[in-house]
Amino acid sequence: MTQQIALDSATNDIIKLEGGGIARVVDGRYTVQLVKNKLLTMLGEWRLDTSLGWINHDDFKRNPDLFDIEFRARRVILSCKGVQKIDALQLELSKRILTVTFEATTVYGRIETTIPWSM
């Protein structure tokens, strides 16, 4: 069982423990954190590997291709360690805010989350 650094779900900051050190996550919580972080990564955001990320400014043009955006979101979710299948996925684009809501089956059980992505 590998422990990973725990990130605050609201700010994505590292969670510091009161007595010193940092909090860790494992299993299902890590999978949720991993999917969220991958879905919040903008295409080209990391300068050392500009192929990382899945969404860009062009996705927020006047008539976005929601089918293509959904296809890419599914690919990102399924690429995360521990995710076996997507049970439900819904995209909503309103006022330059893309909301991705999904339920997935993982090796740790069922997860569900909503991720707002804004320009």
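Predicted model: local features only at pLDDT ≥ 70, side-chain atom pairs only at ≥ 80, totals over all residues.

Modeller: Helices and strands are DSSP runs, helices being H or I over at least four residues and strands being E over at least two, and both are numbered from the N terminus. Residues are numbered from 1 along each chain as its sequence is written, and side-chain values use heavy atoms, with hydrogens and water left out.

Ile 14 counts as partly exposed because its relative accessibility is 45%, where buried means under 20% relative accessible area, exposed means over 50%, and partly exposed lies in between (1.4 Å probe, protein chains only).

Turning to helix α1 (residues 27-39), we find Gln 33 there, and this residue is buried, since its relative accessible area is 13%. Leaving aside neighbours within four places in sequence, Gln 33 is in contact (heavy atoms within 4.5 Å) with Ile 5, Ala 6, Leu 7 and Val 25.

Arg 74, in helix α2 (residues 66-78), is partly exposed, with a relative accessible area of 30%. Not counting residues up to four places away in sequence, Arg 74 touches Ile 86 and Leu 89. Arg 74 and Lys 85 are 11 residues apart in sequence, and from C-alpha to C-alpha they are 9.4 Å apart in space.
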